[in-house]
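Visitor: I have a structure to look at and some questions about it. Could you walk me through its ring pairs and its sulfur bridge?

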Amino acid sequence: MDEIDQFCTSENRMCNAFIESDMILHEVEYSIASYCYLKKKKLLTPEGVTLGAEILYDFNELPTWPEYLDANAIKFATKGGILQGRADYPDCLDWSKFTILP
């Protein structure tokens with residue numbers, strides 16, 4: 001069973017888009033939280049710190065998500081995850097490098 005099928009009763013485009021955008025939001029939040037935890041615990045090499053940050057800054061590029069999601073919805077969910085990461089880990093990353101933020 002597809003993960004979305006657990007929550008949506010039909011092939012309703014709006015329901016699917018809601019679930020997918022929520023998954024994007026949590027993926028961004030989790031990625032930032034994991035990186036910042038590992039960095040704080042000094043479990044990353046200097047190269048790992050640099051590479052990890054570069055990967056996170058790639059969220060600016062708005063990766064390709066399912067085609068039925070509106071680009072604005074993707075941007076909104078991605079920004080929400082980054083903003084939550086910035087609130088939770090203010091000293092972890094150079095937040096100015098997230099050009100998607102206002």
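Visitor: How many aromatic pairs are there?

Guide: This is a predicted model. Rings of Phe, Tyr and Trp pair if their centres lie within 6.5 Å. By this rule, the count of aromatic pairs is 2.

Visitor: Is the pair of Tyr-57 and Phe-98 stacked or edge-to-face?

Guide: The ring centres of Tyr-57 and Phe-98 are 5.1 Å apart. Planes over 60 degrees apart count as edge-to-face. The planes here stand at 70°, so the pair is edge-to-face.

Visitor: How many residues apart in sequence are the parts that Tyr-57 and Phe-98 tie together?

Guide: Tyr-57 sits in helix H2, residues 46-57. Phe-98 belongs to the segment after H3. The pair therefore ties together parts whose separation in sequence, in residues, is 41.

Visitor: How are the rings of Trp-95 and Phe-98 arranged, and what is such a pair called?

Guide: Their centres are 5.4 Å apart. Planes under 30 degrees apart count as stacked. With the planes of Trp-95 and Phe-98 at 25°, the pair is stacked.

Visitor: Which residues do the ring pairs link into a cluster?

Guide: Phe-98 pairs with Tyr-57 edge-to-face. Phe-98 also pairs with Trp-95, in a stacked way. The cluster is Tyr-57, Trp-95 and Phe-98.

Visitor: Are Trp-95 and Phe-98 buried or exposed?

Guide: Buried means under 20% relative accessible area. Trp-95 has 9%. Phe-98 has 2%. Each one therefore counts as buried.

Visitor: Which residue's backbone oxygen does the side chain of Asn-60 reach?

Guide: Asn-60 is in the loop between H2 and H3. Asn-60 is buried, at 16% relative accessibility. Among the residues Asn-60 touches are Phe-98, Thr-99 and Ile-100. At 2.8 Å, the side chain reaches the backbone oxygen of Lys-97.

Visitor: Which residues does the disulfide join?

Guide: A disulfide is a covalent bond between the sulfur atoms of two cysteines. A search of the whole structure finds 1 disulfide. The S to S distance is 2.1 Å, and the residues joined are Cys-36 and Cys-92.

Visitor: What is the handedness of the disulfide?

Guide: Both Cys-36 and Cys-92 are buried. The torsion about their S-S bond is about -105°. The disulfide is therefore left-handed.

Terms used:
Residues are numbered from 1 along each chain as its sequence is written. This is a predicted model: local features need pLDDT of at least 70, side-chain atom pairs count only at pLDDT 80 or more; totals for chains, interfaces and linings use all residues. Side-chain values use heavy atoms; hydrogens and water are left out. A disulfide is a pair of cysteine sulfur atoms within 2.5 Å. Buried means under 20% relative accessible area, exposed over 50%, partly exposed in between (1.4 Å probe, protein chains only). Rings of Phe, Tyr and Trp (its six-membered ring) pair if their centres lie within 6.5 Å; planes under 30 degrees apart count as stacked, over 60 as edge-to-face and the rest as tilted. Helices (H or I, at least four residues) and strands (E, at least two) are DSSP runs, numbered from the N terminus. A polar contact is a pair of N or O atoms within 3.5 Å; within protein, one must be able to donate a hydrogen and the other to accept it, and residues adjacent in sequence count only if both atoms are side-chain atoms. Contact means heavy atoms within 4.5 Å. Lists of a residue's contacts leave out its neighbours within four places in sequence.
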